[in-house]
Amino acid sequence: MYKVVIADDEAVFRKYLRGVVDWEAEGFEYCGEAKNGMEAWELVQKEKPHLALIDINMPYMNGMDLAQKLKEFNPDMVVILVTGHSEFEYARKAIKIGIEDYILKPFDEEELLSALHQVKNNLQKTIIGQHQEQEERQLWRESFLNLLISGEYRDDDEYILHQMTKFDFAEYPAVFQVISVEIDDLLHEWEQLNDIRFKKYIISNLLMDLVQLEGHQFIFNGPENRIVSLLQFAADEDYEQFSLKGYNQLFMLIRDRFGFSVSIGIGNAGQGISSIRKSYMESVIALKNRISTEEANVVHYRDTATRTSNVGFYPSEMNENLLISLRLHDEEEIRKQLAAIEHYIRDRQLSGDYIHMILAGLVSLCLTYIYEIGKTVEEIFTPEFSPFQEITNQPTLKEAFEWITNLYTTAMQYSKSVKHSKSAKILAAACEYIQNHYQDSQLKVEEVSQSLYIQSRYLRRIFKQELGIGVSDYITDVRMQRAKELLLAGHNLKLSEISEMVGYGDPSHFSKSFKKYTGLPPSEYEVLHKK
């Protein structure tokens, strides 16, 4: 509905205008009338109409003066002069100063309707043009801000600051800080684009309400569906007094009231244009490292900076032992091995990237086993199951390992439910025998095969087929796992004692075998893993 006001000093004519057409049916809201120019001016300021029908001859302020004042107040307002024949030439001059139309008294309903239809067409074109201009400006603004965080602007700071003032930035460069917001599990919802747009709309509006600062906040759509909050502080003391609690409130409100979750990465503040790109990259690094922190949803870069370069050394035998346990359907050992890997990550405070690399390796290991038993992921899980996306979306290390443990146990239970072959039964019996006799330094493949009344060649083939390793390698693996436990148990055992307890008569031979297996001599392994 377009708002309309009327100004005429004749009460009869005002009454006539009120009733000559059905204003609402024609798409207009009749907002009031005035009997002189001063009243009309006050009415317009109050109602802010789209259309003003005004008579030229009015007391206190004539129609021409009022029209000029209205066009200065709002150039897009449509003004139609109502005039008698004697003022015709006067009215024609008014059109030259921007007055859209005039109507000669007396006029009938048809003449007025014709003028109103023309007004509606013009207003619609104006509003459409304004919307297009607003959208273009918004796109231009968003493109400019994305260039700032990407670091692709090659102009000098002075020119960039001049450009920034066009988008409501303050003229002073001051202190900048960037915060990035990601919608969790977004990859699961890639088809519901309207839902994603709605969630981003909620986030942007909440940011405007919750984040209070002395300066300016610019919210826009950034790369990879992130919502970016760029802060510009007037001075250092404004940044120092700024509280990040608004971002914590954002996370809690979205979780509790809107039923979805976000993760928020906070970059460090810095001086000058170059700090914008730096702070944005820090916010992204914080997001990528959220799995390495206990507080997973609001992560400050300064809390993760020490982790980003912490890669460490991930022993390959951890994965090898896990695969053997999976092949043996040993659920207790699977859980024990996964718990040891989780403890290893926590103990060394590894970076987010390195953690994700380890987790992806664990997923690959389980998938390898699934294909090894002649099955596919779709048979055990669902056709829509996407394990690498699932593990990437786990917000905390605890949840990641709960998910991986479920992945492994599900695969193991499925494999276990399949009817065991004769070779699988022989393998299980052979492994049990080795577990019970590994302390015997004379334990050989032949002894194990004899205990099962089969040929040693057949047993070797079964181990290769079922476990992917030889019988001797399995015996060594069992001995080394027990040796590591003894080294870290804190019993202060001598090397010769440990050597004997795990089936090595010669401590020197044991030490060489241990180094070959773990990459470290027993003494160094003990020192490193007890830290």
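A polar contact is a pair of N or O atoms within 3.5 Å; within protein, one atom must be able to donate a hydrogen and the other to accept it. I wrote that down before opening the model, which is a predicted one.

**Entry 1: Thr 409**

I looked up Thr 409 and found it in helix 17, residues 397-417. Which backbone oxygens lie at polar-contact range from its side chain? The backbone oxygen of Asn 406 lies 3.2 Å from a polar atom of the side chain of Thr 409. The backbone oxygen of Thr 405 lies 2.9 Å from a polar atom of that side chain.

**Entry 2: the chain as a whole**

I stepped back to the protein chain. It has 24 helices and eleven strands. Of its 531 residues, 47% are buried. The chain exposes about 28,000 Å², and carbon and sulfur atoms supply 49% of that area. I also looked up how far apart in sequence the contacting residues are. Among contacts with a separation of 6 or more, 67% are between residues 24 or more positions apart.

**Entry 3: confidence**

I looked up the pLDDT values next. The mean for the protein chain is 82, and 87% of its residues reach 70 or more. Where is confidence lowest, and where is it highest? It is lowest in helix 4, residues 88-96, with a mean of 63. It is highest in helix 2, residues 37-47, at 93. A reminder to myself: where pLDDT is low, the predicted coordinates should not be read in detail.

**Entry 4: strand 9**

I went to strand 9, residues 262-266, and asked how many of its residues are buried. Five of the five are buried, so strand 9 is largely enclosed by the rest of the structure. In a regular strand the side chains alternate between the two faces of the sheet. In strand 9, Val 262, Ile 264 and Ile 266 point one way, while Ser 263 and Gly 265 point the other way. Residues of both groups are buried.

Then I listed pairings of this strand. Strand 6, residues 175-183, pairs with strand 9 in the antiparallel sense over five bridges. Within that pairing I noted Glu 182, whose bridge partner in strand 9 is Ser 263. Strand 11, residues 298-300, pairs with strand 9 in the parallel sense over three bridges. There, the bridge partner of Gly 265 is Val 299.

**Entry 5: strands 7 and 8**

I followed strand 7, residues 215-221, to strand 8, residues 227-233. The two pair in the antiparallel sense over seven bridges. One of the bridge pairs is Ile 219 with Ser 229 of strand 8. The two strands form a hairpin with five residues between them. In the turn, Glu 224 has a positive phi of about 55°.

Strand 7 also holds Phe 218. Its relative accessible area is 3%, under the 20% cut-off, so Phe 218 is buried.

**Entry 6: two tyrosines with positive phi**

Most residues other than glycine have a negative phi. I looked up two tyrosines with positive values. Phi of Tyr 60 is near 70°. Tyr 60 sits in the loop between strand 3 (51-55) and helix 3 (63-73). Exposed means over 50%, and Tyr 60 has a relative accessibility of 71%, so it counts as exposed.

Tyr 453 has a positive phi of about 60°. I found Tyr 453 in the loop between helix 19 (445-451) and helix 20 (456-466). Its relative accessible area is 78%, so Tyr 453 is exposed too.

**Entry 7: cysteines**

A disulfide is a covalent bond between the sulfur atoms of two cysteines. How many does the structure hold? I found zero disulfides. I looked up two cysteines for their accessibility. Cys 31 is buried, with a relative accessible area of 14%. Cys 366 is at 0% relative accessibility and counts as buried.

Note on methods:
Residues are numbered from 1 along each chain as its sequence is written. This is a predicted model: local features need pLDDT of at least 70, side-chain atom pairs count only at pLDDT 80 or more; totals for chains, interfaces and linings use all residues. Side-chain values use heavy atoms; hydrogens and water are left out. Two strands pair if DSSP finds at least two bridges between them. Helices (H or I, at least four residues) and strands (E, at least two) are DSSP runs, numbered from the N terminus. A disulfide is a pair of cysteine sulfur atoms within 2.5 Å. Buried means under 20% relative accessible area, exposed over 50%, partly exposed in between (1.4 Å probe, protein chains only). Contact means heavy atoms within 4.5 Å. Accessible areas come from the Shrake-Rupley method with a 1.4 Å probe; for residues, only the protein chains shown count as cover. pLDDT is the predictor's confidence in each residue, from 0 to 100.
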